[in-house]
Amino acid sequence: MELNNLFSCLWNQYTQESPQALKIFDLFKKEGEEVVNDHIALRTFDDPRVNVVKLGKFFEQLGYVACGEYEFAEKKLFAKHYEHKSDPLQPKVFISELKTKEFSPFLQQQAKKCVDTISDKTLNSLELLYSGACWGELDYSVYKKLLSESEYAAWMYVFGYRANHFTVLVNQLKKFHTIEAVNTFLKQKKYRLNSLGGEIKGTPEEHLEQSSIMANKVLVKFKQGIFEVLNSYYEFAKRYPLSNGKLYQGFIAKSADKIFESTNVKLSNRKVKDNESV
Ligand code: NI
């Protein structure tokens with residue numbers, strides 16, 4: 001499968017469950033913009049069968065190279081980002097893994113159980129990257145238990161392998177020159193921004209500013225019935241040049257820690273009344 005096919009496959013899957021991303025993408029198009037992705041983000045567990053290195057290999061085979069490495073102490077994540085060797089307009093790929101060993105035996109067992117159900121064929125093919133939660137029927141009590149330990153683990157359990165989010169590269173927009181302009185536009189269109197730690201994460205001095213809308217809710221079928229679960233957000237990034245004149249291509253762990261909060265259930269429910277089912 002070619003790289004562009006892989007990305008459109010991931011995009012279609014992502015926008016099916018996060019239709020707000022497609023709506024915003026279309027709003028930009030209506031403004032005459034051609035949307036270029038800064039990066040896509042994938043999540044996984046630290047199990048060697050599916051860890052960052054393993055998923056990264058698929059991208060290496062498609063012309064990517066491993067670049068920055070990141071530690072998220074609070075969320076207990078390790079991440080790497082990959083860049084395309086020759087085409088700077090291809091999105092960077094940000095892959096994080098949950099350090100399951102730092103969690104309860106229950107969480108570790110659940111993560112292992114999930115990975116155990118993935119066939120060898122899928123584990124060794126690109127298909128893995130969009131195989132979703134291929135571990136069969138979901139149990140709501142497992143979801144709730146995972147959620148009490150890690151939002152990330154609970155998200156992985158329900159959604160599995162797919163793009164967690166896509167990120168618009170603001171630098172490539174013609175009408176919107178700043179992240180503030182993008183945020184204002186989104187708010188005019190009634191989207192809720194993740195405002196934890198400010199609507200804009202990062203500064204020009206850090207060479208990267210990012211914002212995101214709050215994750216949308218989707219109805220998910222569990223063994224016990226249908227429940228509302230938080231899914232994914234859409235992100236926006238503006239990059240600034242380094243002293244060598246080249247745009248900074250890395251990520252800022254501190255900002256990403258806050259961006260991860262876009263899927264924080266409690267935060268999302270702050271202004272939402274019916275949070276009974278979450
Ligand atoms: Ni991101």
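**Around the nickel ion**

Modeller: Glu 235 counts as buried, because its relative accessibility is 2% (buried is under 20% relative accessible area, exposed over 50%, partly exposed in between; 1.4 Å probe, protein chains only). Bear in mind that this is a predicted model: local features need pLDDT of at least 70, side-chain atom pairs count only at pLDDT 80 or more, and totals for chains, interfaces and linings use all residues. Residues are numbered from 1 along each chain as its sequence is written, and side-chain values use heavy atoms, with hydrogens and water left out.

Colleague: Which residues coordinate the nickel ion?

Modeller: His 39 (NE2), His 165 (NE2) and Glu 235 (OE) do, at 2.1 to 2.2 Å. Donors are N, O and S atoms within 2.8 Å of the metal (3.2 Å for Na, K and Ca); water is not among the atoms, so sites may look incomplete. Along the chain the donors follow H-x125-H-x69-E. His 39 is in strand S1 (residues 37–45) and Glu 235 in strand S9, 196 residues apart. Strands here are DSSP runs of E, at least two residues; helices are runs of H or I, at least four; both are numbered from the N terminus.

Colleague: And His 39, buried or exposed?

Modeller: Buried, with a relative accessible area of 2%.

Colleague: Which strands pair with S9?

Modeller: S5 (residues 163–169) pairs in the parallel sense over 3 bridges. S6 (residues 208–212) runs antiparallel to S9, joined by 5 bridges. Pairing takes at least two DSSP bridges between two strands. Leu 169 stands opposite Ala 237, and Ser 211 has Phe 236 as its bridge partner.

Colleague: Switching to aromatics. How many pairs?

Modeller: The count is 25 aromatic pairs. Rings of Phe, Tyr and Trp (its six-membered ring) pair if their centres lie within 6.5 Å; planes under 30 degrees apart are stacked, over 60 edge-to-face, the rest tilted. Phe 28 and Phe 236 have ring centres 6.3 Å apart and planes at 65°, so they are edge-to-face. Phe 28 lies in helix H2 (residues 19–30) and Phe 236 in S9, so the pair ties together parts 208 residues apart in sequence.

Colleague: Are those two buried or exposed?

Modeller: Phe 28 is buried, and so is Phe 236.
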